[in-house]
Amino acid sequence: MKNDQAKKYGMVIDLDKCTGCGACMVACMAENNIPFKEDESNKLDSITWMRVYQLTNGKPYPETDICYIPRPCMHCEGDHGHSPCVSVCPATATDYSQKTGIVSQIYTRCFGCRYCMAACPYHARYFNWWDPVWPNGMEKFLNPSVSPRMRGVVEKCSFCFHRHQLAMNKAFVEGRRELEENEYQTSCAQACPSGAIAFGDLNNPKHTVNQLAQPDNAHGGQPKNPEVFRLLEKLGTNPKVYYVSSREWVRRAGDNYLKNENPGKAH
Amino acid sequence: MKMDRRSFLSFVIGGAAGTALSPLPWKVTDDLAIWSQNWSWTPVPEDGEVGYVNTTCSLCPGGCGITVRKVGDRAVKIEGMKGHPVNDGGICILGLAGLQFLYGPSRIASPMRRTGERGENKWQKISWEEAISEVSKKLADLRSKNQSHALACISGYDGGTVPRLFERFLTVYGSANFVRTPAVRDSYELGLYLMQGTQANAGFDVENADYILSFGCGIIEGWGSPVRMFKANSHWKETGVKVTQVEPRLSNTAAKSDQWIPIKPGTEVVLALGLARVIVDESLYRREFIASHTAGFDRFVQNVLKDYPPEQVEKVTGIDKAVVVSLAKTFAAAKKPLAICGRGRGAGSESAGEIMAVYALNALVGNINQKGGVWAIPDPNYIRWPELEMDAQAAAGMQKPRVDGAGSKKYPHIRNLLHRLPEMINSTDASPVQALFVLEANPYYSVSDSAFVRKAWKKIPFIVSFSSFMDETAANADLILPNHVYLERHEDIPGAEGFIKPIIGLAKPVVNPQFDTLHAGDTIIRLAKMMGDPIAKAFPWEDYEACLEETFGDKWEALGEKGYWIDAGFEPSPWNKAFETASKKFEFASDDIGASFQNAVVKAEGEESAYPLLLIPYDSPRISAGRIGNPPFVIKTVADTVIKGKNGFIEVNPKTAIALGLSEGKSAVISTPRGSAKVRIHLFEGIMPGVVAMPTGLGHTAYDSFLAGKGVNINELIGPVEDGSSGLNAAWGIRAKLGKA
Amino acid sequence: MDSALIPKGVNRCPLSELILKLGPVVAVLLWGVVAMFMCWIKGLNQTNMNDSYGFALWIWADLTVIALGGGAFFTGLLRYIIGKDKLKNIINFAVLIGFICYSSALLILAIDIGQPLRGWFIFWHANVHSMLTEVAFCLTCYFMVLTIEYLPLILENRQIDRLPFFHNLSHNMHEIMAVFAATGAFLSFFHQGSLGGVAGVLFGRPFAFREGIFIWPWTFFLFTWSAAACGPCFTIMLLKITERITRKKLVKDDVVDLLAKIAGWMLTTYIIAKIIDTWYWAMVTAPSLGFELTDFYSNNPFYGMWILILEIVVCGIIPSIILISKKGRSNPVSFMTAVVLAVLGACVNRWAMVLQVMAAPVLTFEGWPMYYPSWQEVATTLLPVAYGIILVALSYRYLPVFPQEVELNPVESEDQGGKAKKAALSGAEVSPARA
Ligand SMILES: Nc1nc2c(c(=O)[nH]1)N[C@@H]1C(S)=C(S)[C@H](COP(=O)(O)OP(=O)(O)OC[C@H]3O[C@@H](n4cnc5c(=O)[nH]c(N)nc54)[C@H](O)[C@@H]3O)O[C@@H]1N2
Ligand SMILES: Nc1nc2c(c(=O)[nH]1)N[C@H]1C(S)=C(S)[C@@H](COP(=O)(O)OP(=O)(O)OC[C@H]3O[C@@H](n4cnc5c(=O)[nH]c(N)nc54)[C@H](O)[C@@H]3O)O[C@H]1N2
Ligand code: SF4
Ligand code: SF4
Ligand code: SF4
Ligand code: SF4
Ligand code: SF4
Ligand SMILES: [Mo]
């Protein structure tokens with residue numbers, strides 16, 4: 001098949017635009033049949049494939065500043081698909097797709113050892129500590145394209161992979177092998193009222209994400225745009241989620257630095 | 001056969017080996033694994049044909065177009081409608097969770113009559129026939145005693161056919177007491193009326209302004225039409241439009257702005273007038289507008305601005321005078337600067353003085369009815385129903401002054417003053433309200449000074465809720481006549497808060513009603529018919545749908561197709577036609593207005609000696625706070641520094657906390673002149689020392705177990721503070737003290 | 001009552017006394033069983049684990065019992081492969097402890113996984129890149145080996161041994177035990193290592209991550225090494241406890257001394273390697289990822305710098321020095337201190353490599369999440385301890401676990417017994433070590 005060049009789907013999230021409104025979190029919940037409990041205030045057992053964190057610059061009033069940072073799964077590529085979580089899964093229940101760059105999760109294969117959670121430095125993986133329960137009647141809004149998960153397995157952001165499948169199916173029926181940028185968009189990117197999330201193929205120069213992040217594939221996908229950064233770049237996880245910020249303290253908060261280290265040199 | 005030890009052991013070992021080698025254990029193991037993948041108690045969503053329905057979201061005044069994805073007859077996802085003039089594909093957190101209202105556990109499944117005490121949550125299901133006839137009898141009884149004016153209706157909205165039908169019902173029944181819940185719109189409408197002489201809504205051309213000066217508006221907390229404002233905010237980032245946020249607390253908006261100017265709460269008006277003074281002093285105003293299209297400029301300068309030199313502004317607001325001066329210059333230097341006000345989401349009104357000071361700023365830079373400025377948006381005025389025929393009782397009832405005093409000599413320019421209702425009820429022996437309708441509002445929860453509200457509530461003998469959900473008001477009503485939720489009904493949704501074009505959205509039934517509910521429009525029509533003439537005669541339509549179709553006439557089809565009607569070519573009136581004041585000019589000062597400016601600063605209730613701190617409410621985009629309770633998905637997104645378990649947090653500056661011996665997470669008691677509550681401490685550097693803040697929208701007692709009992713309802717702690725000149729409730733906070741629990 | 005089952009020539013308390021004494025232990029066991037079923041039926045929400053602590057008490061217990069169960073493979077290695085023949089007097093006990101540790105580990109794993117019914121997917125859908133796959137395979141195989149090693153001991157029970165088939169089976173198994181011991185040592189080397197690898201390969205977790213060779217991070221080797229060092233200490237510690245409880249000397253001192261001396265040298269070399277590893281990690285690996293050593297230690301009481309000092313100095317250097325010196329070994333107090341510290345050292349190391357890995361924040365905007373186990377976790381962790389006590393008690397009662405017991409505790413007369421004991425203690429007449 002021609003045109004079979006590998007895609008590398010990824011995101012660029014503009015933290016200057018992100019307002020921390022949380023719409024992306026709910027867009028994800030609604031799209032992906034994410035369960036909810038009466039008390040979700042313990043964030044250590046609350047399933048949010050997309051989680052919006054609040055950062056502060058740590059300065060006292062009135063120099064204080066805050067910034068929000070949405071965190072889906074980074075779909076780390078690591079070194080040639082050796083993402084932190086994929087290589088550790090003993091049952092091959094999570095996999096790195098060389099075709100799309102998406103880190104998948106097979107709920108019916110996962111047996112809940114949680115090794116992948118230990119491996120993921122972004123806390124992007126969530127365990128189903130409870131049986132998912134929808135109050136009587138609420139199961140009516142469940143999306144048939146995404147199977148609800150059972151207790152005892154790990155789940156995480158899939159880059160709304162079912163949307164990729166649906167778009168590909170449609171394209172195939174129409175005799176196409178390639179998707180347009182707007183044909184495959186994640187639920188969170190689509191919903192974000194601020195337009196802070198761009199999603200697309202990082203390898204495709206026509207796609208917004210490529211233009212914004214300017215990933216350098218020769219150097220583990222590092223962004224060439226100096227206002228763009230990735231979370232924990234130094235670990236070598238090679239994430240496919242990039243962030244833009246005009247604020248230096250925000251960019252610095254993306255990674256760990258030694259006291260006298262100048263983050264500017266990282267790029 | 002004799003079983004000796006040896007043959008027994010052989011049997012056991014042989015049997016074990018045999019079983020292990022047979023397919024049986026492998027089969028069972030496999031089946032068990034497969035079973036674990038298909039647990040019957042984990043639902044499998046039914047598949048079906050996928051379809052999309054365009055409709056309008058009415059969960060807030062935003063007026064967004066939405067597209068609902070359906071699978072078979074189920075609605076499975078709400079998304080923003082692409083190409084919609086207000087939100088163009090965008091959607092907010094609340095709108096996304098809309099299906100949790102539709103299918104949610106707090107829905108009321110049928111008409112119900114209270115059987116226990118109020119609030120005890122004991123109900124008896126009744127038929128619609130029975131329910132409506134019960135209301136009819138009560139109202140007929142009241143009317144026969146010449147007490148028709150003792151019927152009141154609290155409505156969450158007054159634009160559109162449904163509230164108009166209710167208002168019409170009250171009118172022909174003989175009551176002027178249709179009271180709409182407050183919002184900053186009240187203040188803007190008043191400002192437009194006083195300064196421009198127009199009866200209109202304020203629109204803000206935020207997309208074209210090139211500098212935004214916001215006096216505490218929660219631009220990204222839900223102010224105006226939330227999605228539109230989010231988009232505007234991003235647009236500003238892209239085009240380099242600078243935003244200055246004046247606010248005592250580092251809100252999301254403040255954090256996103258280019259400049260955050262912390263200010264002593266309640267003194268925003270002083271800053272606005274101080275800025276005006278600098279602009280005048282330094283002659284930075286737009287002469288062509290001031291000279292030809294304004295009246296009273298000199299009086300404004302002499303009588304008002306003399307009191308606001310920068311030094312004085314610094315003293316009152318706590319903002320360095322150099323900052324005041326440079327802010328004024330920046331504002332005046334911009335081509336299309338826009339000043340806006342309305343704290344937080346704009347869910348409450350502001351003082352007339354404050355709104356007019358902000359208007360005056362816009363006028364000084366000539367940004368009235370201009371690109372990037374404040375526009376007066378006239379009502380689309382599409383509801384033209386036959387004249388009412390009122391009988392003597394109705395006419396007499398309508399002559400009676402409104403219970404809330406709106407429109408009276410004391411409050412001449414105001415149409416609704418809901419905050420006065422509890423006081424009026426509590427100040428007399430027999431409640432002036434004998435029967436109450438509540439439509440799309442939750443006053444039992446959302447009117448401030450909850451204890452006082454509860455006292456007044458007890459005195460109202462008959463309360464009917466039209467709520468779709470078991471909110472606090474419904475839970476404390478006598479009769480519930482549940483409305484369809486917005487995804488089950490047809491309705492016109494006029495306007496989008498702050499939008500610059502007249503627009504009418506149409507809500508369409510996306511799914512069939514899930515329960516035995518009835519469209520509130522139908523309920524009121526059926527009630528009218530049951531009550532007989534002359535009331536019945538005022539409702540000539542067979543049902544609500546017929547009324548709606550007739551109202552829109554030839555627009556109906558187009559409206560249905562597109563989902564909305566917009567006057568796309570609308571342009572604001574040019575200056576020489578815009579002003580309907582006596583002078584036909586923009587009024588900087590008249591006798592009315594002078595009084596308003598004199599009463600500009602609204603003080604917080606309480607004595608500083610007893611209550612050394614200031615408590616202010618804050619809005620969060622992740623907590624809905626009006627008539628709508630947060631659905632499970634949305635409450636899930638609330639940070640654990642806002643609610644943890646059932647506990648709500650109060651934001652305190654570490655300096656304040658240290659002085660009080662309080663630290664992160666500790667329990668404390670917040671007390672105000674109106675009440676006290678248990679809270680936990682959250683240390684936040686982004687709040688002014690001496691000020692503490694609590695979120696709005698928590699502390700529900702009704703709805704469902706996902707929401708009820710979490711945090712504190714700030715209305716328990718805050719009471720109304722009347723703006724001396726307009727009568728609007730202009731409370732922005734209250735004095736408070738915080739102590740260890 | 002059960003005298004027919006008790007080995008010849010030894011003294012055992014009356015059955016009633018045993019039952020009475022084991023009563024509380026059985027109660028703990030049952031408590032654990034209840035908790036275990038609660039976890040299986042209701043799911044892991046019965047624990048206090050969470051998304052930050054995906055690995056917690058159980059995985060720590062797993063890693064620890066496997067490390068401490070390392071006494072079995074290492075003693076086996078010394079006895080059968082290296083030829084330290086003297087150790088035949090303690091090998092049964094070491095195997096027994098190993099068997100208990102490994103069966104416990106497997107049981108805990110079966111409770112720990114979210115979908116126990118799918119546990120076998122680890123074999124069926126095995127991912128060869130996963131350290132956990134390696135662990136699962138080696139652990140299971142080694143458990144079989146331990147079973148095979150333990151089985152002859154069971155077959156030596158007086159009554160079973162009377163059946164010719166079992167007698168011969170047992171005899172033949174003894175003959176080939178070296179093969180199993182070798183297999184076991186090989187398997188152990190790998191799974192102890194891969195358990196170390198479990199943490200060491202986590203390149204997203206700078207606290208755990210270690211460089212290494214090929215696919216093996218240094219923790220791979222350190223875990224094997226520390227198991228070989230601390231496992232025998234655990235065997236010795238339990239032996240001493242057993243002797244205290246039974247009020248009998250069960251293994252001669254020279255046997256214990258030999259094992260302790262070897263363990264001491266293992267511990268010494270291990271702790272040197274560990275210090276180098278820690279130094280390299282603190283000075284090179286972590287800084288390259290943006291971390292200073294102090295970033296990994298918190299000012300909260302659980303994860304302070306004290307852990308590192310406790311592990312390396314108190315439970316590493318000190319017992320090493322004691323165990324490699326003859327003087328240290330010969331003083332019963334210092335000897336026991338050293339043995340206990342070595343065991344504690346393994347526990348602390350595994351604790352840090354599981355719990356602290358989970359707790360140390362990696363994202364700059366996260367804090368240290370705290371965790372304390374639920375009673376269900378505690379109960380299921382005590383379950384194997386109770387089961388171990390019972391299995392040791394029963395094995396001791398009915399099986400010839402300690403070959404030297406008869407000699408050291410002659411039952412004929414009080415007087416003779418006393419003499420024999422003295423002689424044994426001096427160690428003078430004991431068979432000389434194999435050349
Ligand atoms: N289901 C549902 N629908 C809603 C809402 C909701 O919560 N639920 N709310 C939405 C919200 S918040 C808004 S802002 C919009 C409001 O939609 P709009 O149409 O913008 O409503 P208002 O401006 O409040 O309507 C009052 C206007 O009508 C005029 N008016 C006042 N009284 C009368 C009268 O008796 N007769 C006539 N002909 N005109 C009168 C006044 O000039 C005033 O400008 O509606 C929306 N619709
Ligand atoms: N002068 C005048 N005054 C009016 C009216 C009028 O027509 N004229 N109309 C009245 C009307 S229509 C209304 S509805 C009331 C308003 O009063 P309410 O109906 O009480 O509601 P609001 O608080 O304005 O908005 C409704 C809900 O939408 C939620 N919301 C909006 N944006 C967001 C968001 O981004 N995230 C989340 N989570 N929630 C969000 C808010 O939390 C809020 O709870 O004002 C009334 N006041
Ligand atoms: S929806 Fe957009 S603006 Fe809102 S939190 Fe998510 S990324 Fe930020
Ligand atoms: S973010 Fe975590 S879960 Fe996602 S690919 Fe990276 S390591 Fe795996
Ligand atoms: S929890 Fe599931 S996906 Fe994660 S490593 Fe274990 S088996 Fe794989
Ligand atoms: S990409 Fe899809 S699955 Fe991932 S966070 Fe966004 S909505 Fe959720
Ligand atoms: S902003 Fe208001 S109208 Fe728009 S989607 Fe949200 S709740 Fe609905
Ligand atoms: Mo509104």
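Author: Chain C carries 30 positive and 28 negative side chains, and the centres of the two sets are 7 Å apart. Lys and Arg count as positive, Asp and Glu as negative; His and the chain ends are left out. Each charge is placed at NZ of Lys, CZ of Arg, CG of Asp or CD of Glu.

A word on the source. This is a predicted model: local features need pLDDT of at least 70, side-chain atom pairs count only at pLDDT 80 or more, and totals for chains, interfaces and linings use all residues. Residues are numbered from 1 along each chain as its sequence is written, chains are lettered from A and ligands numbered from 1 in the order in which they are written, and side-chain values use heavy atoms, without hydrogens and water.

Now the fold of chain C. It has 16 helices and two strands. These are DSSP runs, numbered from the N terminus: H or I of at least four residues for helices, E of at least two for strands. The radius of gyration of chain C is 22 Å, close to the 22 Å from the globule rule for 435 residues, so chain C is as compact as a globular protein of that length. That radius is taken over C-alpha atoms, and the rule is 2.2 Å times the number of residues to the power 0.38. The C-alpha trace spans about 75 × 50 × 40 Å along its principal axes.

Next, packing and surface. In chain C, 59% of the 435 residues count as buried. Buried means under 20% relative accessible area, exposed over 50%, partly exposed in between (1.4 Å probe, protein chains only). Of the contacts in chain C with a separation of 6 or more, 77% are between residues 24 or more positions apart. A contact means heavy atoms within 4.5 Å. Chain C exposes about 17,900 Å², and carbon and sulfur atoms supply 72% of that area. Accessible areas come from the Shrake-Rupley method with a 1.4 Å probe; for residues, only the protein chains shown count as cover.

One backbone spot in chain C stands out. R247(C) is not a glycine, yet its phi is positive, near 55 degrees. Most residues other than glycine have a negative phi. R247(C) sits in the loop between α9 (218-246) and α10 (253-288) of chain C. It is exposed, with 68% relative accessible area.

Then the partner. Chain A and chain C bury about 4,300 Å² between them, 58% of it on carbon and sulfur atoms. Buried area is the accessible area (1.4 Å probe) that two parts lose on being put together, summed over both. On the chain A side, F111(A), Y115(A) and W129(A) lose the most area to chain C, together 17% of what that side buries. The contact takes 54 residues from chain A and 51 from chain C.

C160(A) is not a glycine, but has a positive phi of about 45 degrees. It lies in the loop between β7 (154-155) and α3 of chain A. At 6% relative accessibility, C160(A) is buried. Helix α3 (residues 161-173) holds H164(A), which is buried at 9%. Leaving out residues up to four places away in sequence, H164(A) touches Y9(A), T100(A), L179(A) and Y184(A). Elsewhere, a cis peptide bond joins Y61(A) and P62(A), with omega about -5 degrees. P62(A) is in the loop between β2 (51-56) and β3 (66-71) of chain A.
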